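Have the model open beside you as you read.

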Amino acid sequence: MSLRVIFLGTAASIPTPNRSLPSIAIRREGELILLDCGEGTQRQMIKAKVGFNRETKILITHMHGDHILGIPGLLQTMSLLGREKPLQIYGPSGIKAFLDSMIETVRFSLNFKVYVHEVHDEGTIYEGEAYRINAAWAEHTIPTLAYSLVEKPRPGRFHPERALALGIPKGSLWSKLQKGIPIQLEDGRVIMPNDVLGPPRPGRKIVYISDSRPSERLVDFARGADLLICEATFADDLAERAIEDKHSTASEAALLAKRAGARMLILTHISARYKDAGVLLKEARGIFPNVLVAEDLMSIDIPLRKD
Ligand SMILES: [Zn+2]
Ligand SMILES: [Zn+2]
């Protein structure tokens, strides 16, 4: 089951020739989950070929312009391309008023429904069959949310030798059991999936923190993530500035990843002053080795956990 993360925009505050404003696409099966939607996101989506007509959720961290101003243009393009599927948007207080006023003043009509969910509390904000999305408060200059996508556990590994020992004929009965469905044999015996499966295998976890100071709460929130995506607006030389502006340095993001026991860290929300992000990578790598600095259109597959 594929789970791919595509960095659409990796700049902080203002775009540069190489970095568009913040947005990340998660492709899970046929679905698209956008994390933030900075100006220009729709053009990056075209370049990354992620599609405009998928089942889509947009998760907005906070109401700063660099994270939200891509929504109007994206909705308009989706509508012009004939989208009819509803769209779900999650974000902090103010997201609904922003969208309502934009639709009212720009006066464009959408041929699909937009459901806006204002998130007022931490916790699970969406739960489906395959995964849930959780939110936690970050620490920024205005109310800001961090998000995680957490897959539900998969059925355990199938043991053919156990199935054979129980006299279950190979074929469709095996595949039912592999999917976690009980079966009945011709002799009347009922076989439960647990009789032939190992223990359930954990799903994958992706955590997105932008923009924020590091905090204990966020360490807990990012615990055991397969991938932690964290803002790193500044390098160590501007550590004081990071405190003032309520952002993080690359070192602080790395320490957060280390303390949370994350498997991988990708730094994003890179200030325009770092034409070469090598300094951020170097500082972070000294603390947490499995780290990358995001580039626009970089994409990465998150593998299934073995056990
Ligand atoms: Zn920002
Ligand atoms: Zn901000």
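## Ground rules

Four donors count as tetrahedral if all angles lie between 85 and 135 degrees; four count as square planar and six as octahedral if opposite donors are over 155 degrees apart and all others between 65 and 115; anything else is irregular. Donors themselves are N, O and S atoms within 2.8 Å of the metal (3.2 Å for Na, K and Ca), and since water is not among the atoms, sites may look incomplete.

What you are looking at is a predicted model, where local features need pLDDT of at least 70 and side-chain atom pairs count only at pLDDT 80 or more, while totals for chains, interfaces and linings use all residues. Residues are numbered from 1 along each chain as its sequence is written, chains are lettered from A and ligands numbered from 1 in the order in which they are written, and side-chain values use heavy atoms, with hydrogens and water left out.

Start with the zinc ion (ligand 2). Its protein donors are His-62 (NE2), His-64 (ND1), His-140 (NE2) and Asp-211 (OD), lying 2.2 to 2.5 Å from the metal. The angles among these 4 donor atoms run from 92 to 170 degrees, and the site is irregular. Along the sequence, the donor residues follow the spacing H-x1-H-x75-H-x70-D. Two of them come from distant parts of the chain: His-62 sits in the loop between strand S4 (56-59) and helix H2 (65-68), Asp-211 in the loop between S12 and H7, 149 residues apart. (Helices, H or I of at least four residues, and strands, E of at least two, are DSSP runs numbered from the N terminus.)

Now for the zinc ion (ligand 1), which is held by Asp-66 (OD), His-67 (NE2), Asp-211 (OD) and His-269 (NE2) at 2.1 to 2.3 Å. This arrangement is irregular too, because its 4 donor atoms subtend angles of 92 to 164 degrees. Here the donor spacing reads D-H-x143-D-x57-H. Which residue coordinates both zinc ions? That is Asp-211, and the two metals are 3.5 Å apart.

His-62 counts as buried at 0% relative accessibility, and Asp-211 at 2%.

Thr-144 belongs to the loop between strand S8 (131-137) and strand S9 (145-151). With 1% relative accessibility, Thr-144 counts as buried. Leaving aside neighbours within four places in sequence, Thr-144 is in contact (heavy atoms within 4.5 Å) with residues including the zinc donors His-62 and Asp-211. Its side chain also reaches the backbone oxygen of Ile-142 at 2.8 Å.

## Nonpolar packing

A nonpolar core here is a set of buried Ala, Val, Leu, Ile, Met, Phe, Trp, Tyr and Cys residues joined through side-chain atoms within 4.5 Å. The largest one has 33 residues, and Ile-209, Leu-228, Leu-265, Leu-267 and Leu-280 touch the most other members. Elements that each supply at least two residues include strand S12 (205-209), helix H7 (216-221) and helix H9 (250-260). H9 gives the largest share, 6 residues. Apart from this core lies another, of 27 residues, among them Leu-145, Leu-227, Ile-266 and Ile-302.

Beyond its neighbours within four places in sequence, Leu-267 is in contact with residues including Cys-230, Ala-253, Leu-280 and Val-293.

## Aromatic pairs

How many aromatic pairs does a search of the whole structure find? The count is 2. Rings of Phe, Tyr and Trp (its six-membered ring) pair if their centres lie within 6.5 Å; planes under 30 degrees apart count as stacked, over 60 as edge-to-face and the rest as tilted. Tyr-126 and Tyr-131 make a tilted pair, 5.4 Å centre to centre with 45 degrees between the planes. Tyr-126 is partly exposed at 23%, whereas Tyr-131 is buried at 3%.

Phe-158 and Trp-174 have ring centres 5.1 Å apart and planes at 55 degrees, so this pair is tilted. Phe-158 lies in the loop between S9 and helix H5 (160-165) and Trp-174 in helix H6 (residues 172-178), 16 residues apart. Both Phe-158 and Trp-174 are buried.

How values were computed: Buried < 20%, exposed > 50% of the residue type's maximum accessible area, 1.4 Å probe, protein only. Polar contact = N/O pair within 3.5 Å; in protein donor to acceptor, adjacent residues only side chain to side chain.
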